[in-house]
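Here's a quick briefing to read with the structure open beside you. Take it one topic at a time, and find each residue on the model as you go.

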Amino acid sequence: MSWHNTALILAGVIGSGTAVVHGVLTQRLMVKPIEAALVANGRINGPIRRLVPLLLHMSTVVWFLGGLALIAAAQWAGEDLRLWTGLFVGSLLLYGAVGNFWGTRGRHPGWMLLAAAIALIGYGVSQGG
C-alpha cells in the first residue's frame, strides 16, 4: 500500500471518528436542550420536533459516510475516483472546519482534526498515489 493510500485511509478514520464524537456532543449539548424547549413551547408540532434532531445530525452523518468513502476509495478506487472522492469529501470537511473555527473562535479541537484530515486528503489524492 502506498503512502498516498495510507493518507486517505487515515483521513477517513479521522473524519469518521470526529463525526462520531460530533454526534454524541450534538445530541447531548444541542438536541436535548432544543427538544426540551420545543416541547415546553407547546406551539411547535410533532413533525417539526422530529425534524430538528435529524437536521442537527446531518453533518455528522455526512462526515461519517465521507470518511468511509475515503477509506473505500483508498482501497478499491482508481486514481480518478480517488481524486473526485477526495475533492467532494474534502470540501465537506472544509466547510465543517471553517464553521467550527468560526463558531468556537478556534477554541475547539474539531476544526483541527478536520483540517488534518483535509491535509491528508490533499496528499492522498496528489500525484504518485
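Predicted model: local features only at pLDDT ≥ 70, side-chain atom pairs only at ≥ 80, totals over all residues.

Of the chain's 129 residues, 32% count as buried.

**The overall layout**

- What is the chain built from? Its secondary structure comes to five helices and zero strands.
- Reading along the sequence, you get the pattern α-α-α-α-α.
- The C-alpha trace spans about 60 × 30 × 20 Å along its principal axes.
- Take the contacts between residues at least 6 apart in sequence: 76% of them join residues at least 24 apart.

**Helix 4, end to end**

- Helix 4 covers residues 79-104, which makes 26 residues.
- From its first C-alpha to its last, helix 4 reaches 36 Å, close to the 38 Å expected at 1.5 Å a residue.
- Which residues of helix 4 are buried? They are Arg82, Thr85, Gly86, Val89, Gly90, Leu93, Gly96, Ala97 and Asn100.
- The cover over those buried residues includes helix 1 (3-41), helix 3 (58-76) and helix 5 (109-125).
- Ser91 also sits in helix 4, but Ser91 counts as partly exposed because its relative accessibility is 39%, which falls between the 20% and 50% cut-offs.

- Move on to Arg105, which lies in the loop between helix 4 and helix 5.
- Arg105 has a positive phi of about 55°, although it isn't a glycine.
- Why point that out? Because most residues other than glycine have a negative phi.
- Is Arg105 buried or exposed? Arg105 is exposed, since its relative accessible area is 67% and the cut-off is over 50%.

**The aromatic pair**

- How many aromatic pairs are there? The count comes to one.
- The pair is Phe101 with Trp111: their ring centres are 4.8 Å apart and their planes meet at 75°, so it's edge-to-face.
- Phe101 lies in helix 4 and Trp111 in helix 5, so the pair ties together parts that are ten residues apart in sequence.
- Phe101 is partly exposed, with a relative accessible area of 42%.
- Trp111 is partly exposed too, with a relative accessible area of 25%.

**A nonpolar patch on the surface**

- Look for Val20, Val24, Val61, Phe64, Leu65 and Leu68, which form a nonpolar patch on the surface.
- Together, these six residues have about 510 Å² of accessible area.
- Which elements give two or more residues to the patch? Those are helix 1 and helix 3.
- Helix 3 supplies the largest share of the patch, with four residues.
- One of the patch residues is Leu68, and you'll find Leu68 in helix 3.
- Leu68 counts as partly exposed because its relative accessibility is 41%, which is between 20% and 50%.

- Thr18 has its place in helix 1.
- Why does Thr18 count as buried? Its relative accessible area is 10%, and buried means under 20%.
- Leave aside the neighbours within four places in sequence, and Thr18 is in contact with Leu113 and Leu114.
- Now find Gly42, in the loop between helix 1 and helix 2 (46-56).
- Gly42 counts as exposed, because its relative accessibility is 60% and the cut-off is over 50%.
- How far apart are Gly42 and Ala116 in space? They're 43 Å apart, C-alpha to C-alpha, and 74 residues apart in sequence.

Key. Residues numbered from 1 in each chain as written. Heavy atoms only, no water. Expected span 1.5 Å × (residues − 1). Buried < 20%, exposed > 50% of the residue type's maximum accessible area, 1.4 Å probe, protein only. Contact = heavy atoms within 4.5 Å. Patch = residues over 30% accessible without salt bridge, like charges linked within 9 Å, V, L, I, M, F, W, Y side chains within 5 Å. Areas by Shrake-Rupley, 256 points an atom, 1.4 Å probe, with all protein chains shown as cover. Salt bridge = Lys/Arg side-chain N within 4 Å of Asp/Glu carboxyl O. Phe/Tyr/Trp six-rings, centres within 6.5 Å; stacked < 30°, edge-to-face > 60°.
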